[in-house]
Amino acid sequence: MVARVIPVDPFDLVIFGGTGDLARRKILPGLFRRYRSGQMPDGSRIIGAARSDLDGAGYRKMIADAIAEFGGDEAGDQDCLSKFLTCLDYVPIDAKGTGGWSELAQLVRKDVVQAFYFSVAPSLFGDLAERLHTNGIASANSRIVVEKPFGRDLESARALNRTLATHFDESQIYRIDHYLGKETVQNLMAVRFGNVLFEPLWNNHYVDHIQITVAETVSVAGRGAYYDRSGAMRDMVQNHLMQLLCLIAMEPPSQFGADAVRDEKLKVIRALQPVDAHHIVRGQYDAGPDGKSYREDAENPRSFTESFIAMKCHIANWRWADVPFYLRTGKRLKARSSEITVVFKDLGHSIFEGDEARHRNILSIRLQPNEGMDLQVTIKEPGPGGMRLIDVPLDMTFADALGDKEVEVADAYERLIMDVIRGNQTLFMRGDEVEAAWRWTDPLIEGWEARNDVPKLYDAGSAGPEDAMMLMHRDNRRWRDIKA
Ligand code: NAD
């Protein structure tokens with residue numbers, strides 16, 4: 001099934017940092033796929049703006065190479081690629097100086113949608129925002145897209161928000177969290193709010209607990225300097241896991257609109273309880289046969305930064321009172337796998353005896369790999385031999401459920417960029433959400449820093465430190481296996 005393409009208006013998209021890693025690996029290959037599927041209207045243009053001294057031809061060559069490397073199967077469509085490249089232009093620019101700004105001002109049109117992607121270090125956001133105005137480039141219709149990290153604590157996030165607010169209205173600011181662009185994450189809202197089946201059960205009467213796991217196999221090698229100042233809490237929990245938690249726990253918004261959805265997410269973050277130190281496990285990967293230790297990768301032999309974190313949280317409201325949310329994320333784990341799991345309670349009374357009475361419904365929502373969902377239900381084992389029960393998954397993996405026809409699942413970045421062009425902020429974080437997330441996170445980080453907490457070592461290729469298993473075992477529960 002080829003996805004229905006929702007048309008957008010012609011646009012000018014300026015990518016500050018257009019020669020950087022993110023632009024080459026994600027943004028431009030994503031835009032090419034959108035172009036190929038007919039979603040980029042004629043007359044739209046993409047303008048790279050970065051420090052490198054390139055001309056338009058040099059930039060087009062750079063992006064053609066990037067698409068060949070990161071563009072997947074579609075990159076082989078040379079005809080389409082040549083046409084796409086004609087939409088590209090480039091301006092060498094100095095975010096902190098004057099160079100390039102008048103050239104950019106001449107290129108960007110006033111009569112089309114204008115979007116400015118800040119794919120640069122956050123320290124440059126203020127300079128870019130200011131120069132877009134002083135050079136008469138931005139207008140009330142412009143949109144800006146900003147990348148993570150959005151601050152490293154509440155204070156810095158507030159300062160960033162203030163800086164952006166000096167030049168742009170909140171309705172013009174798109175804070176990107178690419179987890180929100182994933183097909184499954186949006187499907188989570190469709191499943192919750194588009195079916196009568198789930199919502200009545202989505203509360204502390206029927207849900208035993210919820211697990212959110214984002215497991216990665218990669219190390220921090222190559223970005224150790226950044227990561228060592230951040231750690232798993234700042235790099236993953238404050239943003240990605242928090243956003244997933246919000247979507248799974250929020251009240252139904254009155255409509256599927258940007259502010260209605262974000263208001264409900266904000267209420268979840270505000271209802272998050274402080275987490276007891278005993279309910280947090282920090283880990284750091286050790287050296288293994290096929291890799292160095294975290295400290296070697298981070299080039300900091302005395303680092304106490306966590307490359308893994310597991311924690312038990314509670315949301316203080318009527319719906320979720322006494323339902324633990326277990327969050328877990330880490331690097332160099334046994335598989336790359338992201339999953340949200342809703343484990344429902346035991347039956348109040350079972351008419352079956354012994355082991356047959358011990359079956360539970362489990363809804364698992366997989367973000368990667370194999371985006372999809374399955375619901376574990378209990379049925380009778382077929383055949384003779386009495387009433388034996390087994391658990392089987394009702395599989396809602398998209399590729400299977402939608403048949404063997406082509407299913408076009410857009411990458412998170414391409415989907416989100418198109419939402420910017422459409423002016424739809426639903427899947428972007430609002431400033432107050434980001435600040436509320438830091439308000440919850442900061443005391444936890446300050447707590448372990450004050451205690452000089454030393455992360456527990458774990459074997460690379462494992463499921464994390466033993467203490468993370470104990471966090472669950474103590475509650476008579478267990479983590480889902482991390483598997484690809
Ligand atoms: P990068 O270092 O690869 O690229 C930085 C870009 O900024 C380059 O194009 C460079 O020319 C430009 N630049 C730097 N200083 C400039 C200046 N003074 N004036 C004009 N341009 C300047 O960085 P990246 O990995 O592409 O990351 C960009 C942003 O996206 C960062 O904020 C990063 O945290 C965020 N991010 C990156 C990734 C990723 O996978 N790379 C993922 C999530 C978020």
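Let's start with what lines the largest pocket: by class, 19 of the residues are nonpolar, ten are polar and 19 are charged. Please keep in mind that we are looking at a predicted model.

How many residues line this pocket in total? The lining has 48 of them. If you want to find the centre on your screen, look for Leu-22, Arg-25, Lys-26, His-178 and Tyr-413, which lie nearest to it. As for the space itself, the volume comes to about 1,600 Å³.

Now, which helix gives the most to the lining? That is α1, with six residues. You will find α1 at 21-36, and it is joined by α9 (231-249), β12 (362-368) and α13 (412-422), each supplying at least two lining residues. The lining also draws on two domains, with at least three residues from each of domain 1 (11-147) and domain 2 (180-410 + 430-473).

Let's move on to the nonpolar cores. The largest one has 116 residues, and those with the most contacts inside it are Leu-28, Leu-31, Phe-84, Tyr-117, Ile-248, Met-311 and Trp-440. Here α9 is the top contributor, giving twelve residues.

Pick out Met-311 and see who surrounds it. Setting aside neighbours within four places in sequence, Met-311 is in contact with several residues, including Met-233, Val-237, Phe-325, Trp-440 and Leu-471.

Finally, apart from that core lies another, made of 32 residues, among them Ile-47, Ala-95, Val-108 and Ile-137. Thanks, everyone!

How values were computed: Residues numbered from 1 in each chain as written. Predicted model: local features only at pLDDT ≥ 70, side-chain atom pairs only at ≥ 80, totals over all residues. Heavy atoms only, no water. 1 Å grid on protein atoms, 1.4 Å probe; cavity = no way out; pocket = protein on both sides within 12 Å on 5 of 7 lines; lining within 4 Å. Points joined across faces, edges and corners; volume = space filled by probe spheres on them. Helix = DSSP H or I, 4+ residues; strand = E, 2+ residues; numbered from the N terminus. Nonpolar A, V, L, I, M, F, W, Y, C, P; charged D, E, K, R; others polar. Domains from an automatic or database assignment. Core = buried A, V, L, I, M, F, W, Y, C linked by side-chain atoms within 4.5 Å. Buried < 20%, exposed > 50% of the residue type's maximum accessible area, 1.4 Å probe, protein only. Contact = heavy atoms within 4.5 Å.
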